[in-house]
Amino acid sequence: MSSDIIKDNHHYLKVCILYEVRRKKPIFDSYRNFCKTVGQDVMEYPDFEFWYYRLYHGQMDLDYDRSADPKPKTLVDIPVVLMTKITRYLDPVERTYLRSMNHAIKEVADTFPPAFEKIEITVTDSSLYWHLNNKRFSCYKEDSGCSLRKPNTLKAEKSEECHIKKSLEYLAPVLKMPNIQVNHLSLHLCEETLNRDDLLPAPFNAKSVRIYGINMNKIIQFLSAMTPGHLESISLDSTFLDRRQNFRLIFETDQFKQAKSVKLKLYRVALRVRDLAKFSHLKSFKCELISDNAFEDVPRIRDMIITFEEFKSCELIFFGGGPDGFSMGQFAGALGAEIPIGPLKEGEQLTMNLRYRIPGTNQCLKFKLKNGGYRCIVNIVKTLYHPGPKKRVRKGAPENS
């Protein structure tokens, strides 16, 4: 019998429900099979549920008149006070589902500002997947469309849309919720087709952001969506950055100028020592520096950092510019330090610790130097100065510690 004939006859529909009852399958599976047989919009789930349990308990009157029955309660009939109490115990991801139900429930959900510990998003040419706190969503490109997987579901949702468009149907509304707060946002952009305005509102309230990309303009575009001043920590990473792209545009953004901590990992390009002046407002930073005249530039680095009022610590990956690189010993020598001589103890790593007292203060810079092949890895910390045993040190030179 065709589905058109069945759906136009209420007796036939109830016989189909009775068939599902006798299959003894879970009611949700029975409803899905019923919809597959007679059509998706023939009967709403609450009506199916009523007849399913009525027939299950042996009440076989298919002409039963429901008009005298009390109207069944729905979610929107729950008192606002009770709904608010329920919503308070939901996590931010669960509240996003409530926002999509209806206007009344959305208003209750929006009384709780959405706050996420972390949101991580990765975009490639064949997939888009994201984490909202510890809940993972993924959407993968297929031959004709894509498949979407959501938390706590075993079966993927199939779609004829492209994987990016389908993902944004779920992800963009979350990121554009009013007053959203995120402690850490991570964007891994291996594909350039995603536009910032499709994903993020501007401004977006994140305390910390990490952006990986292959195009500097795209990295700056997403960085510029962050709320200046609210954003405290920035980490930018690019493996395949084109040397012709002007990465120094980062320094012109309000986000960089008002940040407290910055990490730059821009492969194939490195900052010059003169660029270090752009970091003067930061409490901490990490970057790569290259120098054509390291023996002049190393003291310049020290003298610049002691003028940074907010400075607490940094890590520098220093390239001396010569064909043989620049060793830890050469860096220490450029600071005027004495180079220790002798074999290493068993298990001892090749490192050097130096300190330089900041003139006219009770503070000093502590340098920890480590060889990194053809580069020198330098960790610098500003701390209180505690004099060690007196020994003769030439004027302006650091002390070995």
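## A loop residue with positive phi

Asn179 sits in the loop between helix H8 (163–175) and strand S6 (181–189). The model is a predicted one. Asn179 is not a glycine, yet its phi is positive, at about 65°. Most residues other than glycine have a negative phi. Is Asn179 buried or exposed? Asn179 is exposed, because its relative accessible area of 58% is over the 50% cut-off.

Lys24 is another residue to look at here. Its place is the loop between H2 and H3. Lys24 has a positive phi of about 60°, although it is not a glycine. Lys24 is exposed as well, with a relative accessible area of 74%.

## Helix H4

Helix H4 covers residues 45–56, which makes 12 residues. From its first C-alpha to its last, H4 reaches 16 Å, close to the 16 Å expected at 1.5 Å a residue.

Which residues of H4 are buried? They are Tyr45, Phe48, Trp51, Tyr52, Arg54 and Leu55. These buried residues pack against two helices, H2 (10–23) and H3 (27–38). Just after H4 comes Gly58, with a positive phi of about 85°.

## Arg54, a buried charged residue

Arg54 lies in helix H4. Arg54 is buried, but it has no salt bridge. The nearest side chain of opposite charge belongs to Asp61 and is 4.8 Å away.

What does Arg54 touch, apart from its neighbours within four places in sequence? Arg54 is in contact with Gln59, Asp61 and Tyr64.

## The whole chain

The protein chain contains 13 helices and 16 strands. Of its 401 residues, 42% are buried.

Among contacts with a separation of 6 or more in the protein chain, 56% are between residues 24 or more positions apart. The accessible surface of the chain comes to about 23100 Å². Carbon and sulfur atoms account for 51% of that surface.

Methods: Residues are numbered from 1 along each chain as its sequence is written. This is a predicted model: local features need pLDDT of at least 70, side-chain atom pairs count only at pLDDT 80 or more; totals for chains, interfaces and linings use all residues. Side-chain values use heavy atoms; hydrogens and water are left out. Helices (H or I, at least four residues) and strands (E, at least two) are DSSP runs, numbered from the N terminus. The expected span of a helix is 1.5 Å times one less than its number of residues. Buried means under 20% relative accessible area, exposed over 50%, partly exposed in between (1.4 Å probe, protein chains only). Contact means heavy atoms within 4.5 Å. Accessible areas come from the Shrake-Rupley method with a 1.4 Å probe; for residues, only the protein chains shown count as cover. Lys and Arg count as positive and Asp and Glu as negative; His and the chain ends are not counted. A salt bridge is a side-chain nitrogen of Lys or Arg within 4 Å of a carboxyl oxygen of Asp or Glu.
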